[in-house]
Amino acid sequence: NFLIQLYNFLGHSLLSPFECLCGNFILPEPASYVFFFALFNLRNLLYIIRAVAGQWQSSTRCLCVFHVFRRWKTEQNYGKIIKLDSCCPPFPRPTVLPRGKNILIGETHMKLSRYQFEVLAYLERSGRRAYSMRTLSDSLKISASCISDCLDTMAAEGLIQRNGGAPAITESGLAALEPYRVKRAVIMAAGFGSRMMPATADRPKPMVTVNGVRIIDTLLDALVGAGIADITLVRGYKKERFDELLPKYPFLKLVDNDIYDSTNNISSAMAALDSIDNCYLCEADLYITNPGVITKYQYASNILGSYSLETDDWSFRQTDGHITQYQKGNTFCYNYYGISYWTPEDSARLRRDFRQVYEQEPGGRDYFWEFIPLVLRKENYSVQVRPCEKSDIMEIDNYFELAQLDPGYFQERML
């Protein structure tokens, strides 16, 4: 009564028979396994369960997911999913799970498409409420038709629940997002901030207050708000002043860079090298006015930037979705902001390339850290632009700009 025919194929040679049987059958790349079985007393009830074996990224890590693709005939007790304890043949005896469960195998996880990721992350961020397709499209910068397809697919896979126009992410959807969670942050705060004198005479620039709020608190609060508590701060100038952060942020890990005044900020990256892994890499002197620029999940390595027709500051252009032409002064470009995210894979490349440039290249200690992935070793990276508004972050470059934001500094200077 319960037949399981297991097909293990490595190409598309067996795809046509399935297309004939099932009609609109879609098999993602790369394809490894298809499971076809007839169930329950020859009642012509046909299930297709597909298993997509993802790309092996290392000897111990494989992205793989098993889920119901389509159920042609539905009866109350027939929604079954076969769970496999391994994704490699020979296959163990299957066990039956409740209907609607997505399946994670060992430490593997579902590989979301970029569009699925953006929709899921938005729903997680915004919660259950009614969304018009226009709202979703305008917020995510994705066409309504593509979003509709994503919602249909993810509803079929159990990643979301649809209640009229109020889709909500499920536990399975949260599990699918989990591999994209940002695990930690590294903040480089060792510099002097000479252009901010006299405000920096007795404290480092990140500890300067603007209308009663320390500059660095705006970044730390945004990180904590996104659920990130593994935060390493590299300090140098007036380093003891950063101890004042510990009562509010007791989890903060302080790392000293005692050569900050004779090197560029690549030395701060080297001081925290082991912490650069699936992380935000941030400069400490940014006054964050929109905490939403720090998000819980990230899909790909990226750097924050705001669009400019022309700038005389550090900037980059975008080609095929990736950063090019990082330089000072540009047109039709994005202003560089010192908040970036690096995937585990790119983090490993950064650690390797930082060490190589810093220790082996002439003048290697004089580089800005971002110069390594964007210029010197750019062939090793495909870094995306994460757009923001200029109003999301205020860069305070000198004492005059500080006084414009906080009039108390005008009065202090006059005294």
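**Entry 1**

I began just past helix α6, where G227 takes a positive phi of about 80°. The model I am reading is a predicted one. Helix α6 itself covers residues 215–225. I asked how many of its 11 residues are buried. Eight are, and the helix is mostly covered. I noted the buried ones as I215, I216, D217, T218, L219, L220, A222 and L223.

**Entry 1: the whole chain**

Next I stepped back for the totals. The chain has 415 residues, and 47% of them count as buried. I counted up the secondary structure as 11 helices and 19 strands.

**Entry 2: helix α2**

I turned to α2, residues 114–126.

I then listed the buried residues of α2: Q116, F117, V119, L120, A121, Y122 and L123. I kept a rule in mind here. An α-helix has 3.6 residues a turn, so residues three or four places apart point the same way.

What covers the buried residues of α2? I found helices α3 (133–140), α4 (144–156) and α5 (171–177) among the cover. Strands β7 (160–161) and β8 (168–169) are included too. Just after α2 comes G127, with a positive phi of about 80°.

**Entry 3: cysteines**

I searched the whole structure for disulfides and found zero. C282 is in no disulfide, and its nearest cysteine sulfur belongs to C279, 8.2 Å away. A disulfide needs sulfur atoms within 2.5 Å, so that distance rules the pair out. Is C282 buried or exposed? It counts as buried because its relative accessibility is 0%. C388 is also buried, with a relative accessible area of 10%.

**Entry 4: S301**

I found S301 in the loop between β15 (286–288) and β16 (302–319). Its relative accessibility is 2%, so it counts as buried. Which residues does it touch, leaving out those up to four places away in sequence? I wrote down Y341, W342, T343, D346, S382, V383 and Q384.

The side chains of S301 and D346 are joined by a polar contact of 2.6 Å. A polar atom of the S301 side chain also lies 3.1 Å from the backbone nitrogen of T343.

I finished with the backbone. Most residues other than glycine have a negative phi, and most peptide bonds are trans. I looked for exceptions.

The bond between M197 and P198 is a cis peptide bond, with omega about 10°. I placed P198 in the loop between β9 (184–189) and β10 (209–210).

K238 is not a glycine, yet its phi is positive, about 45°. It sits in the loop between β12 (231–235) and β13 (253–256). At 31% relative accessibility, K238 counts as partly exposed.

F332 has a positive phi too, near 50°. Where does F332 lie? I found it in strand β17, residues 322–342. F332 counts as exposed, because its relative accessibility is 57% and the cut-off for exposed is over 50%.

Conventions:
Residues numbered from 1 in each chain as written. Predicted model: local features only at pLDDT ≥ 70, side-chain atom pairs only at ≥ 80, totals over all residues. Heavy atoms only, no water. Helix = DSSP H or I, 4+ residues; strand = E, 2+ residues; numbered from the N terminus. Buried < 20%, exposed > 50% of the residue type's maximum accessible area, 1.4 Å probe, protein only. Expected span 1.5 Å × (residues − 1). Contact = heavy atoms within 4.5 Å. Polar contact = N/O pair within 3.5 Å; in protein donor to acceptor, adjacent residues only side chain to side chain.
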